[in-house]
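Please look through the structure below before reading on. The paragraphs after it go through its parts in turn.

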Amino acid sequence: MESIEFKAFVVEEKDGAFSGQIINRRVDDLPDNDLLVKVHYSSLNYKDALSATGNKGVTREYPHTPGIDAAGTVVNDASGKFNENEPVIVTSYDLGMNTDGGFGQYIRVPSEWAVKLPEGMTMKESMLFGTAGFTAGMSVMRLIETVKPEDGNIAVSGATGGVGALSIGILSKLGYAVSAISGKEQERDFLLELGAQEVLPRQDFEEENKRPMLKAAFAGVIDTVGGNILGNLIKSTRPMGLVTCCGNVASPNLDLTVFPFILRGVSLIGIDSQNCPMSQREIVWKKLAGEWMPNNLQGLSNEISQAELSHSIDLMLGGNLKGRTVVNLEM
Ligand SMILES: NC(=O)c1ccc[n+]([C@@H]2O[C@H](COP(=O)([O-])OP(=O)(O)OC[C@H]3O[C@@H](n4cnc5c(N)ncnc54)[C@H](OP(=O)(O)O)[C@@H]3O)[C@@H](O)[C@H]2O)c1
């Protein structure tokens with residue numbers, strides 16, 4: 001057992017520059033945790049791109065194997081929670097940040113980080129969702145508690161990205177009309193096929209606007225980018241509407257007055273998938289495997305091998321990826 005050798009995409013730091021390459025590692029070099037998983041699929045998330053390019057807020061020490069998502073089969077579990085060969089999903093916690101992640105063919109993690117693969121979902125589908133889809137699921141869960149389909153359109157920013165695209169797929173499955181906000185005019189058809197009712201240009205929302213409130217246009221918002229776009233969307237939310245906020249691709253800053261909150265009763269909800277409690281995590285995964293599964297999930301996916309990771313990471317950092325990138329560890 002201890003002598004298993006496997007391939008991992010490892011990022012190294014040399015003279016302040018970071019680059020990833022595939023090297024052979026051994027299972028006995030993995031962290032000393034109770035659950036050993038053979039990884040079949042992983043996926044690429046924005047945080048992985050940051051980890052792979054030396055963002056010390058994500059990963060403190062290198063060499064490092066990124067990959068905040070993994071789906072695979074249990075090799076052994078010293079805790080006794082999982083059986084051998086049982087399919088499991090491991091996302092977030094510290095996976096791929098400062099713990100060797102899913103861009104390697106094996107991970108060893110605390111068993112409390114793993115969720116049994118829900119019925120009705122394949123390992124590949126689970127990584128088509130991955131942390132991005134799980135975050136979309138958490139955002140939708142918070143939104144639909146307050147906003148109903150008849151209340152009006154839901155704006156989704158970063159629409160062609162992982163969280164955005166999956167939010168659109170889930171919301172349209174649930175009967176909501178979605179206004180997709182995207183910087184990619186050429187992906188209009190992709191967004192309409194996903195279920196968006198309309199596609200709005202990102203530049204209409206990017207300008208800083210000092211007015212405390214704008215015309216109320218949306219019943220709810222799932223924002224994945226932050227900055228002026230989030231600010232303008234909060235100002236454009238209808239009375240008693242709800243806005244979720246999960247990302248900072250555009251900017252971590254948010255310049256606002258209190259007026260949307262005290263004059264329109266708008267709620268701003270932060271989404272943190274990393275620290276989501278296990279009880280809620282299991283509910284979201286079950287929903288994603290069932291009634292929330294978008295009709296055209298496969299159409300969102302681009303499958304790559306470990307060897308193609310560096311190229312896809314560059315595309316992601318340039319904002320040029322669309323949908324979800326699934327990493328097949330057996331390719
Ligand atoms: N809080 C959490 O738990 C959590 C979990 C997962 C992800 N996140 C965060 O959520 C964000 C989105 O993640 P993701 O996986 O969906 O990333 P992604 O796949 O890279 O998508 C981001 C999308 O944002 C848009 N975009 C890119 N650059 C932009 C810019 N400069 N200004 C405005 N929009 C821009 C692009 O969509 P368009 O071209 O269509 O506009 C892009 O496809 C990231 O910040 C990520 O770290 C947070």
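What covers the buried residues of α8? The cover includes β5 (87-91), β7 (114-116) and α2. Before going further, some ground rules are needed. The model is a predicted one, in which local features need pLDDT of at least 70, side-chain atom pairs count only at pLDDT 80 or more, and totals for chains, interfaces and linings use all residues. Residues are numbered from 1 along each chain as its sequence is written. Helices (H or I, at least four residues) and strands (E, at least two) are DSSP runs, numbered from the N terminus.

Helix α8 covers residues 278-289. Its 12 residues should span 16 Å at 1.5 Å a residue, and the end C-alpha atoms are 16 Å apart, which agrees. The expected span of a helix is taken as 1.5 Å times one less than its number of residues. Val284, Trp285 and Leu288 are the buried residues in α8. A residue is buried if 20 or more other C-beta atoms lie within 10 Å of its own, exposed if 12 or fewer, and partly exposed in between, with C-beta atoms placed from the backbone. Seen down the axis of α8, the buried residues fall within an arc of 100°, so they line one face of the helix. The arc is that of the directions from the helix axis to the C-beta atoms.

The chain as a whole is divided into domain 1 (5-117 + 296-328) and domain 2 (133-270), with bounds that come from an automatic or database domain assignment. The C-alpha centres of the two domains lie 29 Å apart. Their contact takes 10 residues from domain 1 and 11 residues from domain 2. Two residues are in contact if their C-beta atoms, placed from the backbone, lie within 7 Å. On the side of domain 1 that touches domain 2, three residues are nonpolar, five are polar and two are charged. In this division, Ala, Val, Leu, Ile, Met, Phe, Trp, Tyr, Cys and Pro count as nonpolar, Asp, Glu, Lys and Arg as charged, and the others, Gly among them, as polar.

Where does the ligand lie? Domain 1 and domain 2 both give residues to the shell around the ligand, so it lies between them. The ligand is surrounded by 32 residues, of which the closest are Gly158, Gly161, Ser182, Gly247 and Gly319. A residue is near a molecule if its C-beta atom, placed from the backbone, lies within 6 Å of it. By class, the shell has 12 nonpolar, 16 polar and four charged residues.

Some single residues complete the tour. Val39 is in strand β3 (residues 35-44) and counts as buried, with 26 C-beta neighbours inside 10 Å. Leaving aside neighbours within four places in sequence, the contacts of Val39 include Ala70, Gly102, Tyr106 and Leu329.

Tyr62 and Pro63 are joined by a cis peptide bond, with omega about 0°. Pro63 is in the loop between α1 and β4 (69-77).

Asn85 is not a glycine, yet has a positive phi of about 75°. Asn85 sits in the loop between β4 and β5 and is exposed, with 9 other C-beta atoms within 10 Å. Met240 is not a glycine either and has a positive phi of about 65°. Met240 lies in strand β12 (residues 237-245) and counts as partly exposed, with 14 C-beta neighbours inside 10 Å.
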